[in-house]
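Please consider the structure shown below.

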Amino acid sequence: MESDLHDVRFLTVAEVAEMMRVSKMTVYRMVHSGELPAIRFGRSFRVPESAVTAVIERPIGESA
């Protein structure tokens, strides 16, 4: 399991917002609704890059 975490790249909310071309508030809403998985570090969130890619590649109209 530990070696799996070495392969995961975590992104900040700002980085996710830039990748998805949405506001940071939209990313926070997606995280809080469970649509976008995230890990909380202190008072901030980190999102696995693979989760962002999955949301971007998801067909329009298909929910999580």
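The paragraphs that follow describe the core and then turn to the aromatic rings.

The model is predicted. In soluble globular proteins, nonpolar side chains tend to be buried together. Here, the largest nonpolar core has 14 residues. Those with the most contacts inside this core are Val 16, Met 20, Val 27, Val 31, Leu 36, Val 47 and Val 52. At least two residues of the core are supplied by each of α2 (13–20), α3 (24–33), β3 (44–48) and α4 (49–57). The largest share, four residues, comes from α2.

The aromatic rings come next. A pair of aromatic rings is described by the distance of the centres and the angle of the planes. How many aromatic pairs does a search of the whole structure find? The search finds two. In one of them, the ring centres of Phe 10 and Phe 41 are 6.3 Å apart and the planes stand at 85 degrees, so the pair is edge-to-face. Because Phe 10 lies in strand β1 (residues 10–12) and Phe 41 in strand β2 (residues 39–41), this pair ties together parts that are 31 residues apart in sequence. Phe 10 counts as partly exposed, at 27% relative accessibility, and Phe 41 counts as partly exposed at 44%.

Tyr 28 and Phe 45 also form an edge-to-face aromatic pair, with 6.2 Å from centre to centre and 65 degrees between the planes. Tyr 28 belongs to helix α3 and Phe 45 to strand β3, so the pair ties together parts that are 17 residues apart in sequence. Are these two residues buried or partly exposed? Tyr 28 counts as partly exposed, at 30% relative accessibility, whereas Phe 45 is buried, with a relative accessible area of 11%.

Note on methods
Residues are numbered from 1 along each chain as its sequence is written. This is a predicted model: local features need pLDDT of at least 70, side-chain atom pairs count only at pLDDT 80 or more; totals for chains, interfaces and linings use all residues. Side-chain values use heavy atoms; hydrogens and water are left out. A nonpolar core is a set of buried Ala, Val, Leu, Ile, Met, Phe, Trp, Tyr and Cys residues joined through side-chain atoms within 4.5 Å. Buried means under 20% relative accessible area, exposed over 50%, partly exposed in between (1.4 Å probe, protein chains only). Rings of Phe, Tyr and Trp (its six-membered ring) pair if their centres lie within 6.5 Å; planes under 30 degrees apart count as stacked, over 60 as edge-to-face and the rest as tilted.
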